[in-house]
Amino acid sequence: MGSWRIWAVVAAVMLLELQVVVDAQLRYGYYDGVCPGVEDRVRTLTRRSFVADATASAAMLRLAFHDCQVGTGGCDASIMMDGNGGEMSSDNNFGVKRLDIINSIKSDMEDMCPTTVSCADIIAMAGREAVAFNGGPDIQIPLGRKDIDFSSASEADAKLPPATSSVDRMLSVFGAFGMTAEESVAILGAHTIGGGHCKNIQDRLKFNSPSAPDSLLFRTQLMSACAVNVFNVAVLNNDATQFTFDNQYFRDIQNGRGLFTVDNLVSTDPRTAPIVQLYASNEGAFFASFQSAYVKLTSRALTGNRGSVRSSCQQ
Ligand code: HEM
């Protein structure tokens, strides 16, 4: 073969590889050509469910984190797979709820454009809608995630950080998404909305607990809220403005009013305390870091030929 032919083959292979790489990436406006209007429709449907249930938006934001943190594909809708032994049977997913919202949006999408919009994209979009709905930034995210057909409780046990996580663990969890310390503290600021169950703060209420809240008043408030906790249903606010995505969370944790051990530790650790101070006094800085952090959180994904678009999120 002449040398020009060899070069032509090499160039063709390189082009093909480039094409695969391009195809295999998440893209802004991914559905524009194949199913126009998807993002608007998801916004309408999520907002409808957030209006009907005031706790649903926080649930969607937490769901996005738990989906992206577990599963070989990252944000791969593995959390949605029904069945014993799946992620939802892990104790670390205690309190994760309203998966029905994702299932119902999915069935709407199937009517619009069959087997085109992945469950993983719907979850990532629902999480960002939760932020905007509550007054936070309107985050643009690239799309094109694929779903996986595998879900494992033991993986969720191992990978989801517990309420008692150290700052080291928190930084390593978010560092694995490529987040800086600023972004890691910002993404934990998702705790500006929603709440948590007493079960997750019991350790802080024990006599002589090393992680007890510094504020005696706050500790007493937590103890009395959890004193009667039949069937584990009592829920405490994550911050003083649990329905507003703002920087109140950072002021609260600075004042010793962080709900979980991890929130409390982040406010005092020398690596993270200055960042908490920045966000407590500058909401714009928090929003800017949260946006880039959310894009990183939701960008660990299967794309191209890896994974598929399921027709039902549950199987
Ligand atoms: C080290 C990291 C994290 C830990 C240890 C942690 C832990 C927790 C715990 C224990 C709860 C309470 C669950 C319950 O009792 O029902 C919770 C709630 C919540 N988490 Fe996190 N979390 C972390 C990071 C994140 C991230 C990255 C996000 C989202 C981007 C997030 C969003 C939420 C939201 C919105 C709630 C409230 C859920 C609701 O009200 O239904 N968390 N988190």
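Predicted model: local features only at pLDDT ≥ 70, side-chain atom pairs only at ≥ 80, totals over all residues.
View 1. The UniProt annotation "binding site", from an unreviewed entry, covers Pro161. Leaving out residues up to four places away in sequence, proline 161 touches Phe65, Gln69, Arg169 and Val173. Its relative accessibility is 25%, so proline 161 counts as partly exposed.

**View 2. Histidine 191 and the iron atom of the ligand.** Histidine 191 is found in the loop between α8 (181-188) and β1 (195-197). His191 is the only protein donor of the iron atom, through NE2 at 2.1 Å. UniProt, in an unreviewed entry, places the feature "binding site" at His191. Residues up to four places away in sequence aside, the contacts of histidine 191 are Asn238, Asp239, Tyr249, Phe260 and Asp263. With a relative accessible area of 22%, histidine 191 is partly exposed.

**View 3. Helix α8 and what covers it.** Helix α8 is mostly covered, with six of its eight residues buried. The buried residues are Glu183, Ser184, Val185, Ala186, Ile187 and Leu188. The elements that cover them include α7, α11 (248-254), α12 (261-268), α13 (273-281) and α14 (283-297).

**View 4. The contact between domain 1 and domain 2.** The domain assignment of the protein chain gives domain 1 as 38-161 and domain 2 as 167-296. The contact takes 28 residues from domain 1 and 19 residues from domain 2. The C-alpha centres of the two domains lie 22 Å apart. Between them, domain 1 and domain 2 bury about 1,800 Å², and 72% of this area is on carbon and sulfur atoms. One salt bridge is found across the interface of domain 1 and domain 2.

**View 5. The salt bridge of lysine 199 and aspartate 91.** Side chains of opposite charge can pair when their charged atoms come close. Lysine 199 forms a salt bridge with aspartate 91, and the closest N and O atoms of the pair are 3.3 Å apart. The count of salt bridges comes to 14.

**View 6. Arginine 271 with aspartate 168 and aspartate 269.** Aspartate 168 and arginine 271 form a salt bridge in which the closest N and O atoms are 2.8 Å apart. This pair links distant parts of the chain: aspartate 168 belongs to helix α7, arginine 271 to the loop between α12 and α13, and the two are 103 residues apart. The side chain of arginine 271 also meets that of aspartate 269 in a salt bridge, at 3.0 Å from N to O. Arginine 271 has 41% relative accessibility and therefore counts as partly exposed. Aspartate 269 counts as buried because its relative accessibility is 14%, which is under the 20% limit.

**View 7. Aspartate 100 paired with arginine 98.** In this salt bridge between aspartate 100 and arginine 98, the closest N and O atoms are 2.9 Å apart. Aspartate 100 is partly exposed, at a relative accessible area of 41%. Arginine 98 is also partly exposed, at 24%.

**View 8. A network of salt bridges.** The residues linked in this network are Glu39, Arg43, Arg128, Glu129 and Asp138.

Definitions and conventions: Residues numbered from 1 in each chain as written. Heavy atoms only, no water. UniProt positions renumbered as here; feature names shortened; annotations may be inferred. Buried < 20%, exposed > 50% of the residue type's maximum accessible area, 1.4 Å probe, protein only. Contact = heavy atoms within 4.5 Å. Helix = DSSP H or I, 4+ residues; strand = E, 2+ residues; numbered from the N terminus. Donors = N, O, S within 2.8 Å, 3.2 Å for Na, K, Ca; no water. Domains from an automatic or database assignment. Buried area = accessible area lost by both parts, 1.4 Å probe. Salt bridge = Lys/Arg side-chain N within 4 Å of Asp/Glu carboxyl O.
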